[in-house]
Amino acid sequence: MSTFLLKLSDMRFPLRLGETLLGRSPYCSIVLSDARCSREHAALRVTAAGPTIQDLGSRNGTRVNGQLLTGIQQLVAGDRIEIGSQSMELELAGQAARRHPLSVTHDGLTPVSEEETPTAPGTNRRAVHVTDALELAPAK
């Protein structure tokens, strides 16, 4: 089964099996700071068949690739989700890793440029690609 990420601005959220809530509520998995977003606006669900999205009766609706969402819609990598002024993109984990290498630092994962040499003398970083990190994580 593929691992999907939801890209929002410069952040990427891994989507795990089960439900991920998007909305203004601090109880949502992904909190959106937008007045046009409902407290519990939409639900992303990941199953063995892949990811789906459903609007949860929000006042302003959810758009997928520019089209107003009605019912439950299957998603594929590259789909764009719009909630209020927030625009998100669904990515496959391996594709994101090839475009955005990461380095491991004492405070977590941070983007690095291709030119940076993480193993240079005086640095405390070791280059790791997201796919490497995901392969090390136990399968659930």
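Colleague: What is the strand order of the open sheet of five strands?

Modeller: In this predicted model, the order is E4-E3-E5-E6-E9, and the pairing is mixed.

Colleague: What makes E4 and E9 the edge strands?

Modeller: Strand E4 (30–31) and strand E9 (72–74) each pair on one side only, which puts both at the edges. As background, strands of a sheet pair through backbone hydrogen bonds, either parallel or antiparallel.

Colleague: How do you know that E3 and E5 count as paired?

Modeller: Pairing asks for at least two bridges between two strands. Strand E3 (residues 18–23) and strand E5 (residues 42–47) are joined by five bridges, so they count as paired. They run antiparallel, and Leu21 has Ala43 in E5 as its bridge partner.

Colleague: Happy with that! Now, why is Leu68 called partly exposed?

Modeller: Good one to check. Partly exposed lies between the buried limit, under 20%, and the exposed limit, over 50%. Leu68 has a relative accessibility of 49%, so it is called partly exposed.

Colleague: Where is Leu68 found, and which residues does it touch beyond those up to four places away in sequence?

Modeller: Leu68 belongs to strand E8 (residues 67–68). Leaving out residues up to four places away in sequence, Leu68 touches Gly61, Thr62 and Arg63. From Leu68 to Asp55, 13 residues away in sequence, the C-alpha to C-alpha distance is 9.6 Å.

Colleague: And how much of the chain is buried?

Modeller: Of the 140 residues in the chain, 36% are buried. The accessible surface is about 8,600 Å², with 51% of that belonging to carbon and sulfur atoms. As for secondary structure, the chain has two helices and 14 strands.

Technical notes:
Residues are numbered from 1 along each chain as its sequence is written. This is a predicted model: local features need pLDDT of at least 70, side-chain atom pairs count only at pLDDT 80 or more; totals for chains, interfaces and linings use all residues. Side-chain values use heavy atoms; hydrogens and water are left out. Helices (H or I, at least four residues) and strands (E, at least two) are DSSP runs, numbered from the N terminus. Buried means under 20% relative accessible area, exposed over 50%, partly exposed in between (1.4 Å probe, protein chains only). Accessible areas come from the Shrake-Rupley method with a 1.4 Å probe; for residues, only the protein chains shown count as cover. Contact means heavy atoms within 4.5 Å.
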